Every structure is written in structure tokens, then in C-alpha cells.
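Subject: Structure handover

Hello,

Here is the structure I promised to pass on. Please open it beside this email and follow along.

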Amino acid sequence: MSLIEDEKNISKCIDLAKQALDQGEAPFASIITKNGQIISEAINGAQSKVSDHAEILALHKAHKSLKAPNLSACTLYSICEPCPMCSFMIREYKISKVVFALVSPFLGGYTKWSILQDEEMTQFEKYFSPPPTIVAGILENEAKKVFDQTPLWMFGSKIKK
């Protein structure tokens with residue numbers, strides 16, 4: 001996938017995150033693509049169910065759409081770095097590429113905890129994929145503008161101290 005495609009899909013996540021804000025949710029959004037086509041998208045639903053993170057909802061929708069738990073031909077896009085819970089789900093669904101705008105140095109499954117790049121998990125290949133390719137920082141400034149509208153200050157490379 002190209003940088004242009006990654007930017008287009010992160011831009012879509014940013015638009016979805018704005019919708020989440022308008023609906024009273026935190027501005028988290030995720031989409032999943034296969035062969036360049038969007039197969040699922042989701043916004044955060046954690047206000048009503050704490051485990052309904054955008055990435056998890058998008059993964060479940062992609063699983064249902066493709067009728068298969070192996071999503072190794074898919075890319076997950078997110079407005080911010082997936083948390084540890086979402087990162088484990090990404091590895092279990094076998095996503096091959098993860099692209100996000102904002103890092104999460106306090107909560108991230110890549111920068112804080114090494115779930116997304118953990119090679120040891122691969123020994124349980126029936127359950128976990130090899131580490132996905134990670135692309136971080138796509139449209140970071142645009143995504144940060146959405147988070148700046150909330151008290152969620154702990155995302156992005158320019159963290160408030």
C-alpha cells in the first residue's frame with residue numbers, strides 16, 4: 001500500500017473520530033481494508049461498553065463480513081496507536097499491517113508495551129500472527145487537532161508535560 005492510500009484511510013479515521021465526538025464518545029475510530037477496499041469501520045463505543053474500542057469493533061465487523069477469523073490480508077487503520085487490549089486482538093485476528101496517526105506512549109500496544117512487535121507470541125501460530133508491519137505518524141497533526149478538543153491529552157509525539 002502506498003503512502004497516499006495510508007493518508008486517505010487515516011483521513012477517513014479522522015472524519016469518523018469527529019463523528020464519535022459529535023455522538024458524545026471519545027474520538028477513536030478505525031477502519032479495516034483488504035486489497036485497498038474498506039471492509040469495515042467503527043467508532044468508539046466504550047461509553048456504553050468499556051471493551052467496545054473502535055479497533056475491536058472494526059475487527060469483529062471485518063470477521064463477520066469476510067466470514068473468517070484470519071484477517072492476514074487486511075490492514076487496520078486507527079486514529080491512534082492501539083491499546084494493549086486492541087493489540088492482542090490485532091495479533092489474534094492476524095492483521096498484517098497497522099497504520100495509525102498518533103502514538104500513545106502511556107497506553108500503546110507498540111510504544112509502551114511491545115505486543116504488536118512481540119516475536120515470541122509467534123510460536124503460538126495457531127493463535128497469534130507474526131508481528132504486523134507498523135506505520136506510525138500518518139497525518140499526526142490533523143489527528144492531534146481532534147484530540148485537542150478533548151481532555152485526552154496523552155496521545156501524540158508532542159505530549160503535554
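In which strand is Lys-34 found? Lys-34 belongs to strand β1. Keep in mind that this is a predicted model.

**Strand β1**

Stay with Lys-34 for a moment. Its relative accessibility is 30%, so Lys-34 counts as partly exposed. Setting aside neighbours within four places in sequence, Lys-34 is in contact with Ile-39, Leu-66, Ala-73 and Cys-74. Now find Leu-71. Lys-34 and Leu-71 are 37 residues apart in sequence. In space, their C-alpha atoms are 8.6 Å apart.

Ser-30 also lies in strand β1. Is Ser-30 buried or exposed? Ser-30 counts as buried, because its relative accessibility is 0%. A polar atom of the Ser-30 side chain lies 2.8 Å from the backbone oxygen of Tyr-77. Leaving out neighbours within four places in sequence, the contacts of Ser-30 include Cys-13, Leu-16, Ala-54, Ala-58 and Tyr-77.

**Helix α2**

Next, look at helix α2, residues 54-66. The helix has 13 residues. From its first C-alpha to its last it reaches 18 Å, close to the 18 Å expected at 1.5 Å a residue. Which residues of α2 are buried? They are Ala-54, Glu-55, Ile-56, Ala-58, Leu-59 and Ala-62. The elements covering them include β1, β2 (37-43), β3 (74-80) and α3 (84-92). Lys-67 follows α2, and its phi is positive, near 55°.

**The cores**

Nonpolar side chains tend to be buried together in soluble globular proteins. The largest nonpolar core here has 23 residues. Which of them touch the most other members? The answer is Ile-10, Phe-28, Ile-79, Leu-102 and Phe-147. At least two residues of this core come from each of α1, β1, β3, β4 (97-102) and α4. The largest share, six residues, comes from α1.

Take Ile-10 from that list. Apart from neighbours within four places in sequence, Ile-10 is in contact with Tyr-77, Ser-78, Val-99, Phe-100, Ala-101, Ile-138 and Leu-139. There is also a second, separate core of 15 residues. Among its members are Ala-42, Ala-58, Leu-76 and Tyr-93.

**Aromatic rings**

How many aromatic pairs are there? The count comes to two aromatic pairs. One of them is formed by Phe-28 and Phe-147. Why is this pair edge-to-face? The ring planes of Phe-28 and Phe-147 stand at 70°, and angles over 60 degrees count as edge-to-face. The ring centres are 5.4 Å apart. Phe-28 and Phe-147 are both buried.

Lys-112 lies over the face of Trp-113, at 5.5 Å from the ring centre.

**A loop residue**

Finally, go to the loop between β4 and β5 (133-136), where Glu-120 is found. Glu-120 has a relative accessible area of 61%, so this residue is exposed. Glu-120 and Pro-130 are ten residues apart along the chain. Their C-alpha atoms are separated by 9.0 Å.

Best wishes

Definitions and conventions: Residues numbered from 1 in each chain as written. Predicted model: local features only at pLDDT ≥ 70, side-chain atom pairs only at ≥ 80, totals over all residues. Heavy atoms only, no water. Phe/Tyr/Trp six-rings, centres within 6.5 Å; stacked < 30°, edge-to-face > 60°. Buried < 20%, exposed > 50% of the residue type's maximum accessible area, 1.4 Å probe, protein only. Lys NZ or Arg CZ within 6 Å of the ring centre and 35° of its normal. Helix = DSSP H or I, 4+ residues; strand = E, 2+ residues; numbered from the N terminus. Polar contact = N/O pair within 3.5 Å; in protein donor to acceptor, adjacent residues only side chain to side chain. Contact = heavy atoms within 4.5 Å. Expected span 1.5 Å × (residues − 1). Core = buried A, V, L, I, M, F, W, Y, C linked by side-chain atoms within 4.5 Å.
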